[in-house]
Amino acid sequence: MPRSLHLATWGAPLVEAMRQRSPGLDLEVFGPLFQAAMSRHVDDGLLDVIPAVNLRALDELLLRGYAVMLLTSRTEAEVRHMVAPDHVLASRISAVYHRGNTRFGKPDPRAFDELLDQTGLTPAQCVYVGDSPGDALAAGGAGIAFIACLQSGVRQLSDFDPRFVTAAVDASPRWWG
């Protein structure tokens, strides 16, 4: 698969991205195989491994009184492990918004509707950190400041529309010694 296609479909639910990434693939067969492989990766601790520096950044935000929420294009099944009591994010995340409990998905700015309605926050009170141009488009369209996270190396700042990027980080901020 060309890198350009990988980047163009980054952030989309994998089964949907596979329509473009692997034309002709039988998605009825792929879907259950993907779910089984994902479950094995979760069980083996290989999926959604959060670096310690990122966890410290989240802890610092919480200490400073900020709420940390997760807004993702993933399905409920794809994020269930991240909110399980034994996951490192469970105690750090106050709410999770995913394809199962939101009406709209990114890059549609309305992806933030439920979050804003349920929390009573205004867009000016929020910052969204994401790693895809669709994340920037959604946040910017909703009037929410956006920080482009380049940590994975998948994206470069030039991949983002500068109108929607408030700041960029290539690693989590270090507020401590």
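A salt bridge here is a side-chain nitrogen of Lys or Arg within 4 Å of a carboxyl oxygen of Asp or Glu. Going by that rule, Arg163 forms a salt bridge with Asp161, and the closest N and O atoms of the two are 2.4 Å apart. Before going further, a word on the model: it is predicted, so local features need pLDDT of at least 70 and side-chain atom pairs count only at pLDDT 80 or more, while totals for chains, interfaces and linings use all residues. Residues are numbered from 1 along each chain as its sequence is written, and side-chain values use heavy atoms, with hydrogens and water left out.

Now for the overall fold. The protein chain has seven helices and five strands; helices (H or I, at least four residues) and strands (E, at least two) are DSSP runs, numbered from the N terminus. Along the sequence, these elements come in the order α-α-α-α-β-α-β-α-β-α-β-β. With a radius of gyration of 17 Å, close to the 16 Å that the globule rule gives for 177 residues, the protein chain is as compact as a globular protein of that length. That radius is taken over C-alpha atoms, and the globule rule is 2.2 Å times the number of residues to the power 0.38. Taken along the principal axes, the box filled by the C-alpha atoms is roughly 50 × 40 × 35 Å.

How much of the protein chain is buried? Buried residues make up 36% of the 177, where buried means under 20% relative accessible area, exposed over 50%, and partly exposed in between (1.4 Å probe, protein chains only). The chain exposes about 10,300 Å², and carbon and sulfur atoms supply 55% of that area. These areas come from the Shrake-Rupley method with a 1.4 Å probe; for residues, only the protein chains shown count as cover. As for contacts (heavy atoms within 4.5 Å), 47% of those with a separation of 6 or more are between residues 24 or more positions apart.

Next come the charges. The protein chain carries 16 positive and 20 negative charges, and their mean positions are 3 Å apart. Lys and Arg count as positive and Asp and Glu as negative, while His and the chain ends are not counted; each charge is placed at NZ of Lys, CZ of Arg, CG of Asp or CD of Glu. Side chains of opposite charge can pair when their charged atoms come close. The salt bridges number eight in total.

One of these bridges joins Arg103 and Glu114, whose closest N and O atoms are 2.8 Å apart. The pair links distant parts of the chain, with Arg103 in the loop between E2 and H6 and Glu114 in helix H6, eleven residues apart. Arg103 is exposed at 57% relative accessible area, whereas Glu114 is buried at 9%. Together with Asp113, these two residues are linked in a network of salt bridges. Asn101 lies in the loop between E2 and H6 and counts as partly exposed, at 32% relative accessibility. Leaving aside residues up to four places away in sequence, Asn101 touches Val96 and Glu114.

Asp135 is buried, with a relative accessible area of 5%. Lys106 is also joined to Pro107 by a cis peptide bond, with omega at about 15 degrees. Pro107 is found in the loop between strand E2 (95–97) and helix H6 (113–119).

Back to the opening pair: Arg163 counts as exposed at 67% relative accessibility, and Asp161 as partly exposed at 28%. What about Phe164, buried or exposed? At 18% relative accessibility, Phe164 counts as buried, and it lies in the loop between strand E4 (145–149) and strand E5 (167–169). Not counting residues up to four places away in sequence, Phe164 touches Ala136, Leu137, Gly140, Gly141 and Phe146. Phe164 and Leu137 are 27 residues apart in sequence, but 6.4 Å apart in space, C-alpha to C-alpha.
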